[in-house]
Amino acid sequence: MTSLPPPAKITELSADEARRLALHAQGLIGVPDRRAGVAGVLHGLGAVQLDTISVLARSHELVPYARLGAVGRDAVEKAYWNHETHGASTFEYWAHAACILPVEEWPTFAYRRANYRARENGGWGMPTSSETTATVLGKLRDEGPLTTADFGGARKSAEWWDWSDTKIAVEKLLATGDVVCVERRGWRRVYDLPERALPKAVLDTPEPTAEQAHVRLLALAGARLGIGTIGDLADYYRLKIPDAKPLMEQTGLVPVTVRGWAQPAWADPAALDLLAAGGPKGRHRTTLLSPFDSLIWERDRMERIFGMVHRIEAYTPAAKRIHGYFAMPLLAGGKLLGRVDPKREGRTLVAKKVSLDTPNAARPMADALREAAGWVGCDHVVVEQVTGGGPREAALRAELG
């Protein structure tokens, strides 16, 4: 029997193919593997951003929800901070921003910890004394894992958070890797010593050089994005590399072009194989996305792939907001079709401001709002304002009944 030749290597993609690869890489096409659960989502994404804002829920909860549906919120917390029953499988560190990361990546970020250690005041711009730092480390050694409250915490001023000297010291130690966080209590970080909190196998793993770490993180970003420019790949873990191009051949990623993109791109070879085989295939999620979701971290890439210009307006004065304090994009059919600024009032989910980008977006928006309401324990959905009003507003209100 004559064997068939291997499929031709794909070197040029359409914008639609690039979009589907991006969605698949982020776990938003196909039936999710519920057996892997939230831990599987974290390992698939490589990093989940943490943020203090809580509207429907905190962002680290919204990310697995977007992929798995109404997963139990307790299950989310246990998957991230589960060291007591299973040993530490995660840690918190500065990746794209403050993120929860799989514990096996602890050695990968050794170069970044060294960079913080080499910078004046750890790069924080807030000086603290060596005596305070020694006191913090001594307290941890003697008393075990501690929260900021145990160190004196943060003092709430009229302007902003006024950190105590011990809070500054422990955050610097977290950046340099002299302490680690693998647990939270009531949203407070619990600080511990790495040698006590992290698995021995992780601590014994040789630390890569900065260049080796950059190559690994670029490759991981390629797998998690599916396809991206060098800028997209570097942004995933906020890599500060003056010229990443010489490293790209070591990543195993494949250079490609995407029609309509101004810059060359690099694709995960497994994603290209999937595309050559006729994929990716499967059901698209209809869901609301956290503005801190890794699918849309890089705003230029978001606009390039989905055609949506989106900015987080939580830090914008209320009078200048266009879409709202915590506007969440609507993902449906693999496209971004609108956004909503939600809040909870008792057992009612209030859609303070809704925008629908197409006439057909009303039904998926209604579906996404109802699912989100049920997930956070709300019985009703109320729409306050729909941008532009007219038939789109009427259609949304009709869908919600």
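Q: How many residues lie between β3 and β4 in their hairpin?
A: This is a predicted model, in which local features need pLDDT of at least 70, side-chain atom pairs count only at pLDDT 80 or more, and totals for chains, interfaces and linings use all residues. Residues are numbered from 1 along each chain as its sequence is written, and side-chain values use heavy atoms, without hydrogens and water. Strands are DSSP runs (E, at least two residues), and helices are DSSP runs (H or I, at least four residues), numbered from the N terminus. Between β3 and β4 of the hairpin, the number of residues is three.

Q: Which residue of β4 stands opposite phenylalanine 91?
A: Two strands pair if DSSP finds at least two bridges between them. Strand β3 (residues 90-94) runs antiparallel to β4, joined by five bridges. Opposite phenylalanine 91 stands leucine 101.

Q: Which residue stands opposite cysteine 99 in β4?
A: β4 also pairs with strand β2 (residues 48-49), in the antiparallel sense, over two bridges. Opposite cysteine 99 stands glutamine 49.

Q: How many residues of strand β4 are buried?
A: A residue is buried under 20% relative accessible area, exposed over 50%, and partly exposed in between (1.4 Å probe, protein chains only). Strand β4 spans residues 98-102 and is mostly covered. Its buried residues number five of five.

Q: Which residue in β9 is the bridge partner of glutamate 183?
A: An open antiparallel sheet has the order β5-β9-β8. Its edge strands, β5 (146-147) and β8 (180-185), each pair on one side only. Five bridges join β8 to the antiparallel β9 (residues 188-192). The partner of glutamate 183 is valine 190.
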